[in-house]
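Q: Could you take me through this structure feature by feature, giving the general idea before each case?

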Amino acid sequence: MRSPVILFILSAVSFSLAGAPLQSPTPPITIRDSGVNTPEEFAGDWLGYWLRGKKLAAKTNTIFRLTPKGEWFIVLDGKTEKAGSFRLSDSYLMLKRDKKESEELEEPELLAHLIDRNGFLIRATSQPEIAIVYRRLAAIPPVTQDEIRGEWRLFEENPAWEKRRAADFGFQFDGRGNYAVVKYDRNRPVPEGAEKGTYVLSGDEIILNNNCADKDSSWTKLRFFKVFDELILNTPDSTVYAERQ
């Protein structure tokens, strides 16, 4: 059974540039190819991130693997499946599905906008709120203890809101693997056992562990990943991130 990410990729029919107005029908796109981009330069593994508004919101469980020979593979849960081939222009990555997949879909080729040499974006024209940014795995820097040491406050964003909202909680990381919850509203409870705990760093991720009494609580499964100066809570359902105080 394919993941929701794979189903989205294999069923989307047209795409727009990041941030460009979405219209119906989509205006024609001029593709210019001066040979500046080559398969060899874009070969490697690319991890997908859900994009909500202008912020990365969560990691997907899907990796695109591009080869120097122009082949395109999908890596999901440790299993690798050939998806088709790819070619490049000055501003786009074109992912062509193999014959079997193409027969089941309206469009045989996906069009991704190149952000830079380390990222590209796929956005569904019919559903503009759905977008995935793929980042080159080798270019994602690992987070360090020094980078997260200190106090971080949570904020939430929603396209329907005029401005972001500050949460009543934050986190204090000691830089040695221990954390504590910071309460900005003393009347807001924190689940028993979740007030403090430990954390481990794994790549760009900060994974929190605690003894929360409610094992079904979201407090038992907190994972952040670092992007620039923010810690993004890894959840596809909302845009929650922490900023250093």
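A: Let us begin with a strand pair: strand β3 (residues 71–76) and strand β4 (residues 79–88) run antiparallel and are joined by six bridges. Strands here are DSSP runs of E of at least two residues, numbered from the N terminus, and two of them pair if DSSP finds at least two bridges between them. The model is predicted, so local features need pLDDT of at least 70 and side-chain atom pairs count only at pLDDT 80 or more, whereas totals for chains, interfaces and linings use all residues. Residues are numbered from 1 along each chain as its sequence is written, and side-chain values use heavy atoms, with hydrogens and water left out.

Q: Which residue of β4 is the bridge partner of Phe73?

A: Strands of a sheet pair through backbone hydrogen bonds, either parallel or antiparallel. In this model, the partner of Phe73 in β4 is Lys82.

Q: In what order do the strands of the closed barrel run?

A: The eight strands of the closed barrel follow the order β1-β2-β3-β4-β5-β6-β7-β8, with antiparallel pairing. From one strand to the next the twist averages 35 degrees, where axes are lines fitted to C-alpha atoms and angles run from 0 to 180 degrees between N-to-C directions.

Q: Which residues lie nearest the centre of the largest pocket?

A: Rolling a probe the size of a water molecule over the atoms shows where empty space is left. A pocket is an open set of points on a 1 Å grid over the protein atoms alone, where a 1.4 Å probe fits, with protein on both sides within 12 Å along at least five of seven lines; lining residues have an atom within 4 Å of a point. The largest pocket has a volume of about 600 Å³, and of its 22 lining residues Leu56, Val133, Arg135, Val227 and Phe228 lie nearest the centre. Strand β8 gives the most to this lining, with three residues.

Q: What is the volume of the second largest pocket, and which strand supplies the largest share of its lining?

A: The second largest pocket holds about 460 Å³ of space, and 21 residues line this pocket, with Leu154, Ser218, Trp219, Leu233 and Val240 closest to its centre. The largest share of that lining, six residues, comes from β10.

Q: Is Glu230 buried or exposed?

A: Glu230, which lies in strand β15, counts as buried because its relative accessibility is 17%, buried meaning under 20% relative accessible area with a 1.4 Å probe and protein chains only. The side chains of Glu230 and Lys55 are joined by a polar contact of 2.9 Å, that is, a pair of N or O atoms within 3.5 Å, one able to donate a hydrogen and the other to accept it.

Methods:
Helix = DSSP H or I, 4+ residues; strand = E, 2+ residues; numbered from the N terminus. Points joined across faces, edges and corners; volume = space filled by probe spheres on them. Buried < 20%, exposed > 50% of the residue type's maximum accessible area, 1.4 Å probe, protein only.
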